[in-house]
Amino acid sequence: MSTRGISFHHPFAFWLGCAGITAGVLAHIPMFMHAAHMNYHMAGMPMDTTMLVGMGLIPLGLVLATYGLMPRMSDLASPGDVQFHVADRLPLNREHWKLVLVLVVTVAVDVMKPATLGFVMPGMTEEYEITSKSAGTLALVALTGTTLGSVMWGLVADRFGRRAAVLLGALMFIGTAICGAMPSFEWNLIMCFLMGLSAGGLLPITFALMAETIPAAHRGWLLVALGGVGTAGGYLLASGAAALLEPMFSWRILWMLGLPTGLLVIFLNRYIPESPRYLAGRGMAGEARAVLARFAGQGGQRGSAVSADVVEETVPAQAPGGIRQLLSGSYGAITLGLVAAGLAWGLVNFGFLLWLPTNLRELGIAENADALLARSATIALPGVLLVIWLYHRWSSIYTLATFIAFTAIALLAFSLCLWFGFHALWTIAAVTALLLVSASGVIAMLIPYAAEIYPVHLRGTGAGLVAASSKAGGILGAGVGVLGLFENMALAALVIALPLLAAAAGLWRNGIDTRGLRLEDIGQLLAMRKRRTGARLESGTGAEEASA
């Protein structure tokens with residue numbers, strides 16, 4: 001038994017699979033190096049035997065690693081009714097901080113890959129001799145992959161564990177590094193879709209794992225900080241790699257960085273424990289105690305005495321859930337509000353803001369547009385600190401709903417400015433700054449709140465669904481952008497603002513404040529609220545019948 005988490009059924013198969021995937025990626029390096037004298041242009045080159053063998057090794061290695069990661073099926077067949085967790089008022093200790101740092105690295109690696117899209121597209125357009133519109137298909141394919149991946153990995157995490165989902169996502173991430181050696185644009189599209197599929201799930205699963213491991217007193221602000229710092233770090237890594245490496249090795253090297261960054265996550269796996277709440281919920285009490293003993297400051301040996309810092313309580317056994325459960329009962333209204341907010345945010349980020357520089361130039365402020373957006377983005381950076389403080393000190397749900405409402409207000413202000421001709425630079429700058437601050441705050445809180453609000457058997461699926469909604473909004477944004485919606489900025493702002501206001505109102509009414517609450521208590525509060533609402537409805541119906 002490993003003290004770091006769950007023991008895998010066949011660890012040899014896992015590491016053999018890792019070796020196979022790594023060897024498969026390395027088999028693509030010789031052809032890449034042979035193209036050095038052509039500035040690494042590989043378009044039209046035939047795939048050699050080594051590359052083809054490497055492409056076969058990657059799926060074979062993934063199958064082996066998946067088999068090695070799967071826990072004992074006998075354990076998965078019998079959900080437990082005893083829940084274990086570290087007392088939620090404990091101070092943060094060394095083990096917590098190690099987990100936080102490793103998950104920050106994981107999020108940064110996850111964000112880095114899709115962030116690289118913007119840096120590879122110019123070189124790819126030139127090498128493959130395609131139009132910028134055709135190159136834009138790459139982003140659409142990647143977003144589709146991340147949308148499906150978020151839902152898929154959420155279901156995997158609830159069925160087979162958070163740690164298994166993170167490691168499998170990282171292995172798939174490594175395999176897609178061969179994007180950098182693909183000789184045709186069509187192969188890049190396929191690999192880019194698989195890259196999105198792998199990257200889409202890492203983000204929500206890391207939030208779920210942290211939510212189930214960090215004490216309640218510090219859970220909320222650390223979740224928001226994880227999203228803010230990890231996302232910023234991912235974009236910094238992508239832009240830094242583009243500046244340092246692309247001039248020497250062309251755009252292709254940015255895809256190949258998936259190999260070392262993915263391997264980094266794999267080698268850090270000893271610091272990624274399985275969620276003790278997941279283990280207990282799946283009937284693996286011994287493994288749960290071992291993980292919790294370490295977080296309670298003990299050695300973490302299986303069967304050792306567990307201190308009073310480890311809480312044991314009986315809860316109803318729950319089998320892994322599904323999307324249908326998220327859309328019904330006490331979670332239905334909250335799920336609809338979070339998904340609506342995610343879709344609208346995707347329209348803002350991948351639609352409205354994407355077209356904003358072009359539209360500002362059409363308003364006659366071409367030379368000031370870039371400087372205006374840069375200043376607005378600079379103002380938005382301290383907004384993350386404000387989000388963390390409000391989420392931790394005021395209210396998690398009210399802070400989220402407020403920033404969603406502010407995003408809608410900023411969009412409505414855009415509509416009014418454009419319809420009434422208020423094109424002054426300071427007016428547009430102020431509204432743009434408000435939009436960037438509020439939209440950044442929304443995405444910083446959306447997935448963390450989902451990771452807190454859902455019960456353990458639905459947490460991975462719920463966080464994945466909400467993450468997928470933000471990417472689906474991007475796909476929708478690309479579609480309506482082609483239809484010309486964002487050419488009329490005033491109309492686009494109004495269309496997006498309405499669902500945002502509806503989502504804010506729904507979450508304000510149906511959500512609950514999760515600050516400082518144990519994850520188990522959050523579910524009980526929602527269930528109690530559902531029963532009270534049902535009782536009021538029945539009482540009202542009875543009164544109406546008596547009156548009749």
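**A buried contact and other covered sites**

Mentor: The side chains of Glu 452 and Arg 219 are joined by a polar contact of 2.7 Å; such a contact is a pair of N or O atoms within 3.5 Å, where within protein one atom must be able to donate a hydrogen and the other to accept it, and residues adjacent in sequence count only if both atoms are side-chain atoms. The model is predicted, so that local features need pLDDT of at least 70 and side-chain atom pairs count only at pLDDT 80 or more, while totals for chains, interfaces and linings use all residues. Residues are numbered from 1 along each chain as its sequence is written, and side-chain values use heavy atoms, with hydrogens and water left out.

Glu 452 belongs to helix 19 (residues 425-453); helices are DSSP runs of H or I with at least four residues, numbered from the N terminus. The relative accessibility of Glu 452 is 1%, which counts as buried. Buried means under 20% relative accessible area, exposed over 50%, and partly exposed in between, with a 1.4 Å probe and protein chains only. Leaving aside residues up to four places away in sequence, Glu 452 touches Arg 219, Gly 220, Leu 223, Tyr 391, Arg 459, Thr 514, Leu 519 and Ile 522, where contact means heavy atoms within 4.5 Å.

Helix 12 is another covered element, with seven of its 10 residues buried. These are Gly 258, Leu 259, Thr 261, Gly 262, Leu 263, Val 265 and Ile 266. They pack against helix 1 (11-26), helix 5, helix 8 (162-175) and helix 11 (252-256).

Two cavities of 30 Å³ or more are present in the structure. A cavity is a set of points, on a 1 Å grid over the protein atoms alone, where a 1.4 Å probe fits but cannot get out, and its lining residues have an atom within 4 Å of a point. Grid points are joined across faces, edges and corners, and the volume is the space filled by probe spheres set on the points. The second largest cavity has a volume of about 30 Å³. Its lining is made of Val 109, Met 112, Lys 113, Phe 173, Leu 254, Leu 257, Gly 258 and Thr 261. Helix 5 (94-115) and helix 12 (258-267) are the elements that give two or more residues to this lining, and helix 5 supplies the largest share, three residues.

Tyr 40, in the loop between helix 2 (29-34) and helix 3 (49-69), has a phi near 65°, a positive value in a residue other than glycine. Tyr 40 is buried, at a relative accessible area of 8%. Ser 250, likewise not a glycine, has a positive phi of about 70°; Ser 250 lies in the loop between helix 10 (216-249) and helix 11 and is buried at 9% relative accessibility. Most residues other than glycine have a negative phi.

Finally, the whole structure contains zero disulfides, a disulfide being a pair of cysteine sulfur atoms within 2.5 Å. The cysteine sulfur closest to that of Cys 179 is in Cys 192, at 5.7 Å, and is therefore too far for a bond. Cys 179 is buried, with a relative accessible area of 1%, and Cys 192 is buried at 0% relative accessibility.

Notes
1 Å grid on protein atoms, 1.4 Å probe; cavity = no way out; pocket = protein on both sides within 12 Å on 5 of 7 lines; lining within 4 Å.
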